[in-house]
Amino acid sequence: METEEQHETPGRGRSSVPDQGTKGRSRSVRLGLAAASVLAVLLLTSAFIVQPFLIPSSSMDPTLRVGDRVLVNKLVYRFGDGPRRGDVVVFDGTDSFSGEADPDANPVVVALREAGAATGLVRPSETDYVKRVIGVGGDRVRCCDRRGRIEVNGRPVDEEYLHPGNAPSVVPFDIRVPEGRLWVMGDFRSRSSDSRDHLGEPGGGTVPVERVIGRADWIGWPPSRIGSVPSGAGSGHD
């Protein structure tokens with residue numbers, strides 16, 4: 001004799017609820033693709049237009065402070081004039097401020113660091129610097145006049161951006177900046193390793209213009225610091 005259990009209706013006992021595991025995996029894939037797309041856009045923007053840069057030291061204080069995230073304009077020098085006196089620039093110091101690139105560096109580690117630095121989440125490469133342009137190609141930059149001011153082409157520079165209490169320089173120098181190169185210094189002179197510290201090296205402490213990544217135009221973080229980065233109009237004497 002057949003029992004009731006042997007006459008189950010076809011399809012009875014099957015759940016009408018979608019497989020939660022499949023649905024969860026599908027949602028994770030969509031979120032992953034969205035995150036990858038956002039990251040790709042950020043990296044492309046950083047590579048060609050605007051790059052966030054985390055300020056790692058106090059060498060530009062009070063203009064830029066440790067932990068500030070500045071937005072570096074990478075187009076400004078591609079479609080116009082080169083860096084001008086007073087501009088705050090970010091540059092690759094390889095072969096000028098730093099030694100040669102390490103040929104044995106792990107490419108995966110380098111790529112991850114560059115990606116993190118490009119989004120402003122981690123400290124920049126040790127070869128990247130942020131300084132102010134004091135002299136451009138052809139300029140004669142000298143320190144100092146009788147009042148302790150730096151001179152550019154025989155004219156004193158009014159450096160209102162200097163850290164309070166800092167002298168323009170305690171290191172004397174007199175250099176003619178080669179064409180295609182820049183003489184750069186930090187605003188916190190007593191804590192800045194800049195062109196003065198590389199006078200005896202190839203290039204005499206100057207930086208090749210082609211190594212400039214861009215101009216630091218804006219502070220994007222923290223909220224209390226949001227605003228434009230002031231240029232040094234006092235460095236613009238001709």
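Reader: What makes the pairing of the Arg196 and Asp194 side chains a polar contact?

Author: Their side chains come to 2.8 Å, and a polar contact is a pair of N or O atoms within 3.5 Å, where within protein one atom must be able to donate a hydrogen and the other to accept it, and residues adjacent in sequence count only if both atoms are side-chain atoms. The pair is inside that cut-off, so it qualifies. Bear in mind that this is a predicted model, with local features needing pLDDT of at least 70 and side-chain atom pairs pLDDT 80 or more, while totals for chains, interfaces and linings use all residues. Residues are numbered from 1 along each chain as its sequence is written, and side-chain values use heavy atoms, leaving out hydrogens and water.

Reader: Why is Arg196 called buried?

Author: Its relative accessibility is 9%, and buried means under 20% relative accessible area, exposed over 50%, partly exposed in between (1.4 Å probe, protein chains only). Leaving aside neighbours within four places in sequence, Arg196 is in contact (heavy atoms within 4.5 Å) with Pro168, Ser169, Val170, Phe173, Trp183, Met185 and Arg189.

Reader: How do you know that Arg85 is buried too?

Author: Arg85 has a relative accessible area of 16%, so it counts as buried. Arg85 lies in the loop between strand 2 (69-73) and strand 3, and its side chain has a polar contact of 2.7 Å with the side chain of Asp139. Its C-alpha is 7.3 Å from that of Gly232, though the two are 147 residues apart along the chain.

Reader: What makes a group of residues a nonpolar core, and which members of the largest one touch the most others?

Author: A nonpolar core is a set of buried Ala, Val, Leu, Ile, Met, Phe, Trp, Tyr and Cys residues joined through side-chain atoms within 4.5 Å. The largest has 13 residues, and Ile134, Val141, Ile150, Tyr161, Phe173, Trp183 and Met185 touch the most other members. Strand 5, strand 8 and strand 9 (181-185) each supply at least two of its residues. A second, separate core has 12 residues, including Phe53, Leu64, Val130 and Ile219.

Reader: Why is Val171 called partly exposed?

Author: Val171 has a relative accessible area of 33%, so it is partly exposed. You'll find it in the loop between strand 7 (155-156) and strand 8 (173-176).

Reader: How do you know that the peptide bond from Trp221 to Pro222 is cis?

Author: Its omega is near 0 degrees. Pro222 sits in the loop between strand 11 (212-221) and strand 12 (227-228). A cis bond also joins Cys143 and Cys144, with omega about -5 degrees.

Technical notes. Helices (H or I, at least four residues) and strands (E, at least two) are DSSP runs, numbered from the N terminus.
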